[in-house]
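Dear colleague,

Please find the structure below, as a sequence together with its coordinates.

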Amino acid sequence: MNLSASSRFACLLLFIALSGPPVGAGKHIDVQVRAQPPRIEVGGKGQLVLTINIPAPYHINAHPASFDYLIPSDIRLSPVGPLSFAEPRYPKGILVAAGGSSEPISVYEGRITISVPYRVSREAEPGRVLIQGIFSYQACDAVRCFLPEKDPFSAPLEITARAESDTGLDTGVASPEIPSGLSPDTHDQTEEIIKSANQADSPSQPVLYPALFILGTLLLLGLVFQRGNKRG
């Protein structure tokens, strides 16, 4: 029976996992989770941030895994009424050589960060909610792979009411004050008079004083001309 390289590698992983010292006992990684920001307004956006610490000499398969038979790192979140989650954002893995495989595989080592964006519904009630989920993975070292593991996690989130300026209750713009002794109608008429005066002072409007001067000069010349004719 002829087996492909990937099939031989899968069999090798299964043999290693089932042989040797007990595997799957104890945690091989540390998962820290926080909501960012920890307080968010109704209708706001945030993200769940998972920091995964993978101590040497271990590594875990990346997401997506290089081959179908490998178990990828994965996040599963429980529904939270007022929150809408987007797809998790996984980092890019690094390629390492694995025994029995002709091709390198993509893994995570050291410390990685995975984020899950979310949005709070505009109809959400202010209060405290708990984001819960499971991070599943398979850890390996240079010799063997361990049984798949699932680490539950949770992170609190405080939902607050929107600021008054966002609800239209307080625009932050003061209403114009009506001078003492003026009724609203008189105030409106005064504004119209001021507006008309400003338009008259605008350079684009006809200037009245030069026109009056020219008209007066013409009238004076006309009187002088008439008197000259009478004397003649």
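In which sense do S5 and S10 pair, and over how many bridges? The two strands pair in the antiparallel sense, over 4 bridges. Within this pairing, Ile-75 has Phe-135 in S10 as its bridge partner. S10 is also joined to S12: these strands run antiparallel, with 11 bridges between them. Here the bridge partner of Ile-134 is Pro-152 in S12.

Before the further findings, a word on confidence. This is a predicted model. The chain has a mean pLDDT of 78, and 62% of its residues reach 70 or more. Over residues 11-25 pLDDT stays under 50, and for that stretch the model has 15 contacts beyond four places in sequence. Where pLDDT is low, the predicted coordinates should not be read in detail.

The nonpolar cores

The largest nonpolar core has 32 residues, and Ile-52 and Phe-135 are those with the most contacts inside it. At least two residues of this core come from each of strand S1 (30-36), strand S3 (45-54), strand S9 (110-120), strand S10 (127-137) and strand S12 (149-160). S9 gives the most to this core, namely 5 residues. Apart from this core lies another, of 7 residues, which include Val-96, Ala-98, Ile-105 and Val-107.

Leaving aside residues up to four places away in sequence, Phe-135 touches a series of residues, including Ile-29, Val-31, Ile-52, Ile-60, Ile-75, Ile-114 and Phe-153. Among the residues touched by Phe-135 there are also Ser-73, Asp-74, Glu-149, Lys-150 and Asp-151.

The four-stranded sheet

An open sheet of 4 strands has the order S7-S8-S4-S11, with antiparallel pairing. S7 and strand S11 (139-140) stand at the edges; each has a single partner strand, so one side of each is left without a neighbour in the sheet. Strand S7 (residues 94-96) pairs with S8 in the antiparallel sense over 3 bridges, and in this pairing Val-96 stands opposite Ile-105 of S8. S4 and S8 run antiparallel as well, joined by 2 bridges. In S8, Tyr-108 is the bridge partner of Ile-60, while Val-107 is the bridge partner of Asn-61.

Strand S8 (residues 105-108) is covered on both faces. Ile-105 and Val-107 are buried on one side, and Ser-106 and Tyr-108 are buried on the other.

Is Ser-73 buried or exposed? Ser-73 is buried, because its relative accessible area is 0%, and a residue counts as buried under 20%. Ser-73 lies in the loop between strand S4 (59-61) and strand S5 (74-77). A polar atom of the Ser-73 side chain lies 2.6 Å from the backbone oxygen of Asn-61. Not counting residues up to four places away in sequence, Ser-73 touches Ile-60, Asn-61, Ala-62, His-63, Tyr-90, Tyr-108, Phe-135, Ser-136 and Tyr-137.

Asp-30 has its place in strand S1. With a relative accessibility of 32%, Asp-30 counts as partly exposed. The side chains of Asp-30 and Gln-32 are joined by a polar contact of 3.3 Å. Asp-30 and Ile-54 are 24 residues apart in sequence, and their C-alpha atoms are 6.8 Å apart in space.

The disulfide

How many disulfides does a search of the whole structure find? The search finds 1 disulfide. Cys-140 and Cys-145 form it, with their sulfur atoms 2.1 Å apart. A disulfide is a covalent bond between the sulfur atoms of two cysteines. The link of Cys-140 and Cys-145 is right-handed, with 100° about the S-S bond. Both cysteines, Cys-140 and Cys-145, are buried.

Yours sincerely

Notes:
Residues numbered from 1 in each chain as written. Predicted model: local features only at pLDDT ≥ 70, side-chain atom pairs only at ≥ 80, totals over all residues. Heavy atoms only, no water. pLDDT = per-residue confidence, 0-100. Contact = heavy atoms within 4.5 Å. Core = buried A, V, L, I, M, F, W, Y, C linked by side-chain atoms within 4.5 Å. Buried < 20%, exposed > 50% of the residue type's maximum accessible area, 1.4 Å probe, protein only. Polar contact = N/O pair within 3.5 Å; in protein donor to acceptor, adjacent residues only side chain to side chain. Disulfide = S-S within 2.5 Å. Pairing = 2+ DSSP bridges.
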